[in-house]
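I opened the model to look up two things.

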Amino acid sequence: MAGGKKLQERVALGRTAWMLADFVILLLLLALVARRAASLGERGGTWLAALVCEAWFAFVWILNMNGKWSPVRFDTYPDNLSHRMEELPAVDMFVTTADPALEPPLITVNTVLSLLALDYPDVGRLACYVSDDGCSPVTCYALREAAKFAGLWVPFCKRHDVGVRAPFMYFSSAPEVGNGTVDHEFLESWALMKSQYEKLARRIENADEGTIMRDGGDEFAEFIDAERGNHPTIVKVLWDNSKSKAGEEFPHLVYLSREKSPRHRHNFKAGAMNVLTRVSAVMTNAPIMLNVDCDMFANNPQVALHAMCLLLGFDDEIHSGFVQAPQKFYGGLKDDPFGNQMQVITKKIGGGLAGIQGMFYGGTGCFHRRKVIYGVPPPDTVKHEMKGSPSYKELQAKFGSSKELIESSRNIISGDLLARPTVDLSSRVEMAKQVGDCNYEAGTCWGQEIGWVYGSMTEDILTGLRIHAAGWESALLDTEPPAFLGCAPTGGPASLTQFKRWATGLLEILISQNSPILGTIFRRLQLRQCLAYLIVEAWPVRAPFELCYALLGPFCLLTNQSFLPTASDEGFRIPAALFLTYHIYHLMEYKECGLSVRAWWNNHRMQRITSASAWLLAFLTVILKTLGLSETVFEVTRKESSTSSDGGAGTDEADPGLFTFDSAPVFIPVTVLSMLNIVALAVAAWRAVVGAAAGVHGGPGIGEFVCCGWIVLCFWPFVRGLVSRGKYGIPWSVRVKAGLIVAAFVHICTRN
């Protein structure tokens with residue numbers, strides 16, 4: 001570091017014992033594949049199907065070994081920024097919301113308030129932009145009220161050094177106080193602030209569109225006749241820091257609802273992020289951009305300073321093209337019953353990625369260099385790929401016709417980031433509306449070479465992949481306390497909807513021109529980083545292999561065959577050892593992360609359920625889209641109202657950890673497998689009893705029974721759903737469809 005104490009330190013983490021365990025499991029997998037291949041000529045089609053699936057499992061294990069192989073962590077030292085305060089760049093903070101029904105405005109308000117209260121030497125360098133793709137006057141009203149409350153909340157947080165600055169979380173517990181008159185004054189201030197927040201929450205929760213439009217006056221006139229999918233750009237400056245008085249300073253707050261038209265593709269969240277990028281460019285043009293989802297509040301008030309340690313702390317900025325904080329969740333249900341808190345994968349895979357080319361861009365909790373989003377190559381390639389500053393025409397072809405946007409992009413690309421005179425943000429509203437138009441991107445590079453990349457529902461992974469393929473690296477920001485916290489979806493429908501959306505987008509990337517394989521061959525994506533991307537992008541591809549393997553057990557029991565060695569065969573030791581070693585390995589990972597055996601089981605169970613449902617439907621969806629038979633549809637995951645810190649679990653539920661169902665097609669495959677394995681076990685058990693009585697031997701062995709029994713245990717929520725009622729029971733439409741498929745499968749297996 002030039003001229004001062006170090007701001008960050010890269011620490012390699014040892015894992016020798018885990019490496020040995022990795023190789024033991026890999027050798028067992030290879031031994032299983034080799035033994036099966038050697039005896040393939042003596043067996044039938046089930047043996048061949050098992051060989052193909054097991055070879056795929058070995059490949060997936062190699063991918064995971066690579067991802068975990070060389071973990072590192074980054075220690076940050078924000079106190080050492082004291083001598084570089086003048087160097088701290090401005091930050092534009094983006095919050096995205098899409099549906100006021102699925103993402104209640106109070107959630108967005110808490111996230112915004114936590115960002116407005118961040119610790120930063122000069123809050124005039126911070127600006128918060130909220131993108132509302134729902135074009136909801138209720139959301140705009142909620143943010144206007146939040147801006148008024150922020151005048152009280154932000155000074156309170158700074159004055160009392162509040163640790164958690166999302167009000168709903170802060171007021172969910174009693175204040176921590178000591179003794180003395182100062183504490184008494186604090187308690188009075190705390191009680192007053194809590195009362196003000198509760199009034200704010202009631203106003204927002206009780207707000208309705210009709211009342212707002214009737215009583216709001218000219219402020220909400222732009223929402224009249226505005227339809228969610230058909231309206232002009234709406235930009236409102238809810239707070240301009242330049243007009244603040246001493247003691248009430250907090251960052252700018254701007255509301256944005258980009259133009260929508262049925263005649264134009266809006267490109268989901270990626271389109272919203274690109275409009276945010278352009279609007280912020282003509283209004284504040286900060287060189288650093290932070291984006292968070294509406295339900296992911298800033299849990300560490302110094303998160304921006306920690307990020308600056310990584311953005312400024314390397315001798316070469318190529319190592320921090322973007323800084324990603326891992327997704328962590330508050331108030332999670334005990335033992336993670338829906339397997340979506342991702343604690344182990346975040347620690348094991350996330351730390352491993354940090355040791356290669358960097359953590360994936362996760363779509364939230366990420367600090368981007370604006371110039372990286374603009375497609376500027378890393379420093380070691382600039383001299384080879386760029387000759388001087390780009391011309392006005394070149395910038396116009398890439399960024400569009402806005403003169404203000406062209407000038408701001410020139411400043412970013414050239415590195416001319418000196419402090420500029422403060423401007424009245426209201427004077428920039430018309431410019432912002434211009435760059436928010438539907439037609440603005442036509443003929444430009446937005447969504448391709450510049451901005452968030454279009455072409456996938458997981459625009460975050462795709463955009464991060466483009467950045468890594470350009471040669472940039474990323475840094476992992478894993479602070480204590482966690483930088484950001486969000487709410488994980490609960491219930492079966494919400495969890496599987498989220499997994500299906502992710503898997504669909506990931507497979508779209510894998511088979512597109514943006515594939516990491518092509519990025520390694522033709523660009524600057526490292527081979528190990530390519531393999532790391534394949535860990536997640538192969539999720540939906542795993543579905544058909546895992547489905548095939550799950551069907552082998554019931555097929556063999558119904559047809560009186562075998563696809564595994566019998567217990568008396570020497571080869572039986574290999575799959576038995578592999579089964580035990582694999583599950584013990586993962587159990588120990590969970591224990592090392594401080595999680596329970598039940599959490600391990602819940603996550604293992606949910607991976608089996610997700611593979612046979614969400615990943616499978618994602619695989620079929622992308623195949624149909626590729627064939628031109630359907631289009632992918634973006635589905636917003638429901639967020640529970642964050643008025644308390646219980647993680648969104650409703651108080652009216654007897655057990656929020658129980659699986660819930662609806663009639664969505666995603667539940668059909670797992671219901672089929674549950675019913676089929678139960679039928680197969682019953683038929684095979686009857687046949688075994690009758691065969692033993694008649695002295696007949698042969699057929700399936702203990703391995704097939706264990707496989708089917710294990711699947712029934714993994715799918716136990718669905719087994720329970722078959723005999724339950726209400727939302728905890730599988731709907732009859734799903735049961736009937738699943739029953740017909742099971743009957744057809746059994747008929748095919750037993751007709752000979």
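I took the domain bounds from an automatic or database domain assignment. That assignment gives domain 1 (27-68 + 517-630 + 660-751) and domain 2 (88-174 + 184-327 + 362-488). The model is predicted, with local features needing pLDDT of at least 70, side-chain atom pairs counting only at pLDDT 80 or more, and totals for chains, interfaces and linings using all residues. Residues are numbered from 1 along each chain as its sequence is written, and side-chain values use heavy atoms, with hydrogens and water left out.

**Domain interface**

I got 43 Å between the domain 1 and domain 2 centres, taken over C-alpha atoms. I then looked up contacts (heavy atoms within 4.5 Å). Domain 1 puts 7 residues in contact with 12 of domain 2. The two domains bury about 820 Å² between them, 54% of it on carbon and sulfur atoms. Buried area here is the accessible area (1.4 Å probe) that two parts lose on being put together, summed over both. R523, R524 and Y533 supply 66% of what domain 1 buries against domain 2, more than any other three residues.

**Binding site**

I checked the UniProt record, an unreviewed entry: its "binding site" annotation covers E103 and D133. They span 31 residues in sequence, yet no two of their C-alpha atoms are more than 11.2 Å apart, so they gather at one spot. Such annotations may be inferred rather than shown by experiment. Buried or exposed, I asked of E103? E103 is buried, at 7% relative accessibility. D133 is buried too, at 9%. Buried means under 20% relative accessible area (1.4 Å probe, protein chains only). I listed what D133 touches, not counting residues up to four places away in sequence: T97, A98, R228, R258, K260, F268 and A272.

Methods. Buried < 20%, exposed > 50% of the residue type's maximum accessible area, 1.4 Å probe, protein only.
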